[in-house]
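I opened this entry to record what I looked up in the model, beginning with the sheet and moving on to the helices.

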Amino acid sequence: MKKVILLSVLLISAIAIQAKGYKVGDSAKDFKLKNIDGKHISLADYKDAKGFVVIFTCNHCPYAVAYEDRMIDIDKKYKKKGFPVIAINPNDPAIVPGDSFEGMQKRAKEKGFTFPYLFDAKQEVYKHYGATKTPHVYILSKNGSNLTVEYIGAIDNNYKDASKANDKYVENAINSLLKGKKPELTNTKAIGCSIKSKS
């Protein structure tokens, strides 16, 4: 009997955790976080943007590292079309020292990041979004000051080898939005490392 009760509690807890965060169609709140250059950035700073590719990522996770070049490529391709990449490190450096702010600065310089790399120091933004992995992508469309979640999930269907990724979820979603259409695929499973949090 105790086992049944325990399993029920665990199942309810898992559903509650899954229920937190944004779903496709929700309005997203803006945020203001410190970039690697020391300046604070919010989405409102991007007056001409049509939307954003918000990616929760980090320095140490092999999945995140495997996607760094693709993140740069997506930013270069779509920033000029109105959909810049905004990368956010949600990890607690007390748990993973390699994900410190200084580590972020070093990694961004090594890789030549073309996008802001922001530090979610209070670990609040990733919880609002409901991100659980690094990397975890949220595509937002912008209409005035309103931000709408259009896609949640992975970048593509092959984290190991970009050349073998034959379903580019993020690019397909942005291309649809640029044509004034909703993405055909709005949710995929984010594959990556769990976000390291004290709570």
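Sheet. In this predicted model I traced an open sheet of seven strands, whose order reads β2-β1-β5-β4-β3-β7-β8. I noted the pairing as mixed. Strands of a sheet pair through backbone hydrogen bonds, in either parallel or antiparallel fashion.

Edges. I then asked which strands stand at the edges of the sheet. They are β2 (40-42) and β8 (146-153); each has a single partner strand, so one side of each is left without a neighbour in the sheet.

The β1-β2 pair. I looked up how strand β1 (residues 32-35) is joined to β2: there are three bridges, and the two strands run antiparallel. Within this pair, I found Lys34 opposite His40 of β2.

Helix α3. I located helix α3 at residues 101-111 and found that this helix lies across β1, β4 (85-89) and β5 (117-119). Relative to β5, helix α3 runs at about 175 degrees.

Helix α5. I next checked whether helix α5 (residues 169-178) is mostly covered or open. It is mostly covered, with seven of its ten residues buried, that is, under 20% relative accessible area. I listed the buried residues as Tyr169, Val170, Glu171, Ala173, Ile174, Ser176 and Leu177. Among the elements that cover them I noted β3 (51-56), α2 (62-78), β7 (136-143) and β8.

After α5. Just past this helix, I recorded a positive phi of about 80 degrees at Gly180.

How values were computed
Residues are numbered from 1 along each chain as its sequence is written. This is a predicted model: local features need pLDDT of at least 70, side-chain atom pairs count only at pLDDT 80 or more; totals for chains, interfaces and linings use all residues. Side-chain values use heavy atoms; hydrogens and water are left out. Two strands pair if DSSP finds at least two bridges between them. Helices (H or I, at least four residues) and strands (E, at least two) are DSSP runs, numbered from the N terminus. Contact means heavy atoms within 4.5 Å. Axes are lines fitted to C-alpha atoms, for helices over the stretch in contact, and angles run from 0 to 180 degrees between N-to-C directions. Buried means under 20% relative accessible area, exposed over 50%, partly exposed in between (1.4 Å probe, protein chains only).
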